[in-house]
Amino acid sequence: MPDLSTFTLASTVAAVFGVSLGVMMPAIAMGWAISRALDALSRQPEAERSIMRTLFIGLAMIESLAIYVLVIVLIILFRNPLLEYLTQ
Amino acid sequence: MPDLSTFTLASTVAAVFGVSLGVMMPAIAMGWAISRALDALSRQPEAERSIMRTLFIGLAMIESLAIYVLVIVLIILFRNPLLEYLTQ
Amino acid sequence: MPDLSTFTLASTVAAVFGVSLGVMMPAIAMGWAISRALDALSRQPEAERSIMRTLFIGLAMIESLAIYVLVIVLIILFRNPLLEYLTQ
Amino acid sequence: MPDLSTFTLASTVAAVFGVSLGVMMPAIAMGWAISRALDALSRQPEAERSIMRTLFIGLAMIESLAIYVLVIVLIILFRNPLLEYLTQ
Amino acid sequence: MPDLSTFTLASTVAAVFGVSLGVMMPAIAMGWAISRALDALSRQPEAERSIMRTLFIGLAMIESLAIYVLVIVLIILFRNPLLEYLTQ
């Protein structure tokens, strides 16, 4: 099994860079949404309830995108189903 | 079977970077939609119901794009149909 | 058949990156369309029905572009017609 | 026949990336068209019929561009006419 | 086991760059949100409570993205589950 070490090495490096790249754009998107929400709050404070509800449902949907990346990275680190073909 | 290890290696790395790349633009798109919705809410609070409905149907359709990527990545990690040509 | 493993390897990697690339621009386009629809709703709430109809037909046509990519990727993963030339 | 495997390999990879690249700009173009149509609807709601007709003819013509890519990719995957020179 | 040293080297380097890349965009996003919050506060000081609540929940959700990166990096540094395949 000479390739097992290469496999663990590449998985580790890919996991780190994958999760780093995967949170970049969700963070930007959240920043936009929050800053626009604060702008809306200052212009229309009486619409606070509907602004907050829209913002938090939206943030939860963006967060779900980052969680997809996290789930794939954790699967690869802790229980990669492809690994059993190597360890046989 | 000398290529099975290369196959698992490349699949793993591709899965991580694929899902990272695949959530980038949906996240940006969601951020735009949410920030514009909050802007619209602050300017026209009485149109809340139609703004919310438009926003959430739109977010669901963008989310579906990210789920396409997730489905392909999970298929490749857990049950890649091309793998049976290698393990025979 | 020394090339079958290379074939499965390249197909898998191409499938992941293909679907990642393929959802990028449709996601951006949907984000634009939705954000402009919300803007239009806040300026002209009484035109809601025609705005919604235009938006959803438009989103469905953009979604169809992403589905083209998904269909090609699924064909290549599950039943690539070119594979029979290799397995003969 | 040493070249048949290389041929199928390159065809598969080219099909995936071809369709991914091929839907990118049509998606952007549709997004622009739809967002501008929604903008026009909110400013001039009484011109709805001519705006909708113009938009849908335009979307159909952009969609046709993406369908060209899809058709070429499906021809290459399912019945590539150049393949008979290799299998003879 | 000649590859163990390469493995630790690459893990360390990847951990450093991964966490560096992973905090970039959350930092930008937080900066946007905070600067917009201060802008909103200066225009509407009496809405301070709702602005602060929105800002802090939003910052916490962006922070969670950076924490995902940190968790993956700490897992890789302190207890990488893939390492047991190498040390056997």
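## Two helices side by side

Helix axes here are lines fitted to C-alpha atoms over the stretch in contact, and the angle between two of them runs from 0 to 180 degrees between N-to-C directions. This is a predicted model, so keep that in mind as you look around. With that in hand, take helix α2 (residues 48-78) of chain A and helix α2 (residues 48-78) of chain E: they pack at an angle of about 0°, and their axes are 11 Å apart. Angles under 35 degrees count as roughly parallel, and therefore α2(A) and α2(E) are roughly parallel to each other.

What sort of residues make up the contact of α2(A) with α2(E)? They divide into 19 nonpolar, four polar and three charged.

Chains C and E aren't joined by any contact either; their closest C-alpha atoms lie 19 Å apart.

Side chains of opposite charge can pair when their charged atoms come close. Over all chains, the structure holds 17 salt bridges.

One of them links A:D39 to A:R43, with the closest N and O atoms 3.6 Å apart. Both residues sit in helix α1 (residues 4-43) of chain A, four residues apart, which is about one turn of the helix. Is A:D39 buried or exposed? It's buried, at a relative accessible area of 11%, because the cut-off for buried is under 20%.

Now look at D:D39 and C:R43, whose side chains meet in a salt bridge at 2.5 Å, N to O. D:D39 belongs to helix α1 (residues 3-43) of chain D and C:R43 to helix α1 (residues 4-43) of chain C, so this pair joins two chains. D:D39 is buried, with a relative accessible area of 12%, while C:R43 is partly exposed at 34%.

Another salt bridge brings together the side chains of C:R53 and D:E48, at 2.6 Å from N to O. Which helices hold them? C:R53 lies in helix α2 (residues 48-78) of chain C and D:E48 in helix α2 (residues 48-78) of chain D, so here too the pair joins two chains. Both ends are partly exposed: C:R53 has a relative accessible area of 36%, and D:E48 has 22%.

Terms used:
Residues are numbered from 1 along each chain as its sequence is written. Chains are lettered from A and ligands numbered from 1 in the order in which they are written. This is a predicted model: local features need pLDDT of at least 70, side-chain atom pairs count only at pLDDT 80 or more; totals for chains, interfaces and linings use all residues. Side-chain values use heavy atoms; hydrogens and water are left out. A salt bridge is a side-chain nitrogen of Lys or Arg within 4 Å of a carboxyl oxygen of Asp or Glu. Buried means under 20% relative accessible area, exposed over 50%, partly exposed in between (1.4 Å probe, protein chains only). Contact means heavy atoms within 4.5 Å. Angles under 35 degrees count as roughly parallel, over 145 as roughly antiparallel, 65 to 115 as roughly perpendicular and the rest as oblique. Ala, Val, Leu, Ile, Met, Phe, Trp, Tyr, Cys and Pro count as nonpolar, Asp, Glu, Lys and Arg as charged, and the others, Gly among them, as polar.
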